[in-house]
Amino acid sequence: MLVVEMLSTGDEVLHGQIIDTNAAWLADYFFQQGLPLSTRTTVGDNLDSLVNAFLERSQHADILIVNGGLGPTSDDLSALAAAKAANVPLVEHKQWIEVMERYFIRRGRVMPETNRKQALLPASAELIDNPVGTACGFSLILNDCLLFFTPGVPSEFKVMVTDQIVPRLRERYTLPEPPICLRLTSFGRSESSLAKQFDQIALPEDCVLGYRSSMPIIELKLTGPASQKALMEKHWYSIKQGVGDNLIFEGTEGFIKKISKQLQEKQLKVAVSEQFSAGLLSWTLSSADALKSMSQVIEQDPEQTLATLISRAKNIAESQFAPIGLAIGEFDGQFLNLALCTTEKCYAQRVHYLPSNHSNREKQEVSVMLMLDMLSRWLNGREVIGYYEWLVQTETLVLDR
């Protein structure tokens with residue numbers, strides 16, 4: 001199996017001043033191509049460190065994707081470091097200077113002299129085209145490892161990987177089938193509870209079941225080789241049955257996108273009245289184009305009952321001519337109230353807040369997730385009020401509209 005690694009460069013990446021979105025994108029994209037990364041490394045803008053890193057990682061990897069450091073400024077050191085690691089001189093490539101000159105002419109500008117640096121590449125390098133920028137990509141062999149040098153600008157990086165690098169890899173190697181990755185997202189279960197339930201399952205060979213907690217949801221992911229697809233799907237069915245009523249969606253599309261699609265298919269819009277969640281539910285629904293043109297954020301009502309919250313949900317829906325009304329409220333500083341009014345019935349529940357060690361923002365996210373779960377359950381013809389093992393429901397109410 002090919003050993004594939006990525007090396008990101010730049011002080012701003014190393015010190016966390018920018019998020020390395022290129023690394024996350026490449027890891028996911030290569031995984032889908034049957035080239036899962038085995039290691040990711042980050043090195044700052046230091047020539048000796050870069051040279052040492054190229055030499056050291058090239059002794060472990062078959063393929064090394066180097067990202068960043070191909071710009072025109074003095075701290076862009078990837079080409080020079082690559083030349084030193086390969087013990088070859090830098091050579092100016094006139095054809096790339098012509099490419100850059102045309103790039104600037106199309107934009108009504110003259111190429112700055114500093115950009116000539118981007119045409120200085122190791123003598124042993126193969127040029128890799130960059131149709132959307134001036135940074136010339138290149139590849140070279142070091143310690144029997146194939147290194148690809150790519151620009152840090154995400155739009156340039158992605159085009160170079162998809163249109164230039166992956167086709168080269170397919171020509172050079174027989175790539176394996178992409179691994180199978182089955183995903184589901186649950187709400188209302190804890191990670192420890194799910195692990196206790198599923199960690200004893202005897203999975204097919206080379207398959208792994210993982211958990212990812214992202215408050216307030218838990219993602220389950222079954223990963224394995226394509227050769228085990230049939231057995232994986234059999235186990236996956238059992239896992240889904242085990243998660244049961246707390247499964248909110250499969251795949252990677254996302255919960256709010258799924259809800260939005262269902263609302264659009266049914267030609268439904270919702271109106272929202274918020275108290276505790278302070279506009280977070282409205283923002284979430286607006287991002288999916290599922291909200292009527294107006295929502296309502298109200299003051300606290302310490303005497304609030306489920307019946308009064310249902311009235312509020314019904315009133316906001318009627319005032320906005322929306323079939324569905326949602327309301328999130330608070331009672332006595334300890335309880336969360338939620339109400340959903342549809343064209344036929346209204347549903348409400350009262351639950352205890354999370355433990356006090358959770359931030360107010362986390363509690364707001366839970367309130368929104370609870371409200372969306374109620375909406376999703378109704379859209380899918382399920383029991384609207386679910387069971388959540390880490391929340392205590394103290395009261396529920398269902399009324400005809």
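I take the bend at a residue as the angle between axes fitted to the seven residues ending there and the seven starting there. With that in hand, I looked at α6 and found a kink of about 40° centred on Val161.

Notes on the source: I am working with a predicted model, where local features need pLDDT of at least 70, side-chain atom pairs count only at pLDDT 80 or more, and totals for chains, interfaces and linings use all residues. Residues are numbered from 1 along each chain as its sequence is written, and side-chain values use heavy atoms, with hydrogens and water left out.

Next, the length of α6. The helix covers residues 154-172, 19 residues in total, and its first and last C-alpha lie 25 Å apart, close to the 27 Å expected at 1.5 Å a residue (1.5 Å times one less than the number of residues). I number helices (H or I, at least four residues) and strands (E, at least two) as DSSP runs from the N terminus.

Which residues of α6 are buried? I listed Glu156, Phe157, Met160, Val161, Gln164, Ile165, Val166 and Leu169; buried means under 20% relative accessible area with a 1.4 Å probe, protein chains only.

Finally, I stepped back to the protein chain. I counted 12 helices and 18 strands, and 48% of the 401 residues are buried. The C-alpha trace spans about 80 × 55 × 40 Å along its principal axes.

Definitions and conventions. Buried < 20%, exposed > 50% of the residue type's maximum accessible area, 1.4 Å probe, protein only.
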